[in-house]
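Please open the structure in your viewer and keep the selection tool at hand.

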Amino acid sequence: MPVRALRCGARTLELSTTRVMGVLNITPDSFSDGGRFLSGRADLPAVVDAAHAMLEDGAAILDVGGESTRPGAEAVTEAEELRRVMPVLERLLELDTIVSLDTCKPAVARRALGAGVHLINDVTGGRDPAMIDVLAGSDAAFCLMHMQGEPRTMQNAPSYADVVGEVRRFLVQQAAACRQAGIAADRLVLDPGFGFGKTLVHNLTLLRRLDALRVDDIALLCGISRKRMIGTITGRPVAERTVGSVAAAMLAAERGADLVRVHDVAATVDALKVLAALQDEGVGSL
Ligand code: HH2
């Protein structure tokens, strides 16, 4: 069987095992790492150190974000988002890795792609057709995430008749729009959007039925790391959710996630190695 791969502009990511995307938020207000790399300007040496550490720990992608999407976060202007992320992207693009930008603004994505970014991660799933056009004009990868509503209000009263069916329908529809625009399936990533307009029951249902969310052979990403669902289940604050998050990443991987978006790279990579060894019958069987 040919090895599946994600084409990301100048780079290619093999998906023979679940790969890790490390989160680097250049924001004052992200729910878990807000303020770590931004006080006025981006603290470039601190971001570069964190990026090196994530790569040494086994991350395959670095996902840079300049706008928090946590419920109730303040919107950020295009100019401010560019001011936060562009210097960081330029530095990280010097490294031997895949650099992703978490943005839902087509103009910000266009500038980042011009600088050579390999993947655009859009939490609105290409709802703005201009974003699909921008990606179609590049050879970068595109991650489309499902969200019910808007970040500021999405957790007020999330409601679905059939959460798996509705999320899947959205992902199918957006992937079709991308393919029609000329973005090949091996440049796409789909993501059910854990915590984005979803209750704990919705999130757990999506994780249980992850297999039903796969669309053709398109790569599937899960982002559960340190989120409220882990806090609700474990009763722990954000800083103490590593173990719960690693467990969730491993369960997502076992159910077919090709990529997991995480804050705790080293711990997640170790856990995924255990899973990969178990799944590889060439290792450890008598
Ligand atoms: N979750 C967050 C942000 N971006 N992108 C994808 N594809 N999937 C996710 O689940 C996802 C995402 C939220 O996490 P974080 O970036 O840590 O927080 P904040 O939005 O507060 O910056």
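**Before the first selection**

The model is predicted: local features need pLDDT of at least 70, side-chain atom pairs count only at pLDDT 80 or more, and totals for chains, interfaces and linings use all residues. Residues are numbered from 1 along each chain as its sequence is written, and side-chain values use heavy atoms, with hydrogens and water left out.

**Stop 1: salt bridges**

Select E94, which is exposed, with a relative accessible area of 62%; here buried means under 20% relative accessible area, exposed over 50%, and partly exposed in between (1.4 Å probe, protein chains only). E94 forms a salt bridge with R91, at 3.9 Å from N to O. A salt bridge is defined as a side-chain nitrogen of Lys or Arg within 4 Å of a carboxyl oxygen of Asp or Glu. R91 counts as partly exposed, at 33% relative accessibility. Side chains of opposite charge can pair when their charged atoms come close.

How many salt bridges are there by this rule? The count comes to 15.

Next, select K105 and E81, which form a salt bridge whose closest N and O atoms are 2.5 Å apart. This pair links distant parts of the chain, 24 residues apart: K105 is in the loop between β7 (98-102) and α3 (106-115), and E81 is in helix α2 (residues 78-92). Helices (H or I, at least four residues) and strands (E, at least two) are DSSP runs, numbered from the N terminus. Are K105 and E81 buried or exposed? Both residues are buried.

Move on to R236 and E240, whose side chains meet in a salt bridge of 3.2 Å, N to O. R236 is partly exposed at 43% relative accessibility, and E240 is partly exposed with a relative accessible area of 43%. To end this stop, select R4, R214, D217 and D258 together: a network of salt bridges links them.

**Stop 2: nonpolar cores**

Select L24, L89, L92, L101, I120, L135 and F142. Of the 70 residues in the largest nonpolar core, these touch the most other members. A nonpolar core is a set of buried Ala, Val, Leu, Ile, Met, Phe, Trp, Tyr and Cys residues joined through side-chain atoms within 4.5 Å. Which helix gives this core its largest share? Helix α5 (residues 163-180) does, with seven residues.

Centre the view on I120. Leaving aside neighbours within four places in sequence, I120 has contacts (heavy atoms within 4.5 Å) with residues including L101, T103, A109, L113 and M131. Another core, of 15 residues, lies apart from the largest one, and L13, I61, L221 and L259 are among its members.

**Stop 3: pockets**

Rolling a probe the size of a water molecule over the atoms shows where empty space is left. On a 1 Å grid over the protein atoms alone, where a 1.4 Å probe fits, a pocket is an open set of points with protein on both sides within 12 Å along at least five of seven lines; lining residues have an atom within 4 Å of a point. Grid points are joined across faces, edges and corners, and a volume is the space filled by probe spheres set on the points.

Select F31, R70, F194, F196 and K227. Of the 37 residues lining the largest pocket, these lie nearest its centre. The volume of the largest pocket is about 600 Å³. The largest share of its lining, three residues, comes from α7.

Now select S16, T17, T18, L272 and A276, which lie nearest the centre of the second largest pocket, among its 19 lining residues. This second largest pocket has a volume of about 440 Å³. Helix α9 gives the most to its lining, with seven residues.

**Stop 4: individual residues in loops**

Select R152, in the loop between β9 (141-145) and α5. R152 is partly exposed, with a relative accessible area of 39%. Not counting residues up to four places away in sequence, R152 touches G72, A73, E74 and A75. The C-alpha atoms of R152 and T69 are separated by 7.8 Å, although these residues are 83 residues apart along the chain.

Select D216, in the loop between α6 and β11 (219-222). Its phi is near 50 degrees, a positive value in a residue other than glycine. D216 is exposed, with a relative accessible area of 56%.

Finally, select R226, in the loop between β11 and α7. The phi of R226 is positive, near 60 degrees, and R226 is buried, at 16% relative accessibility.
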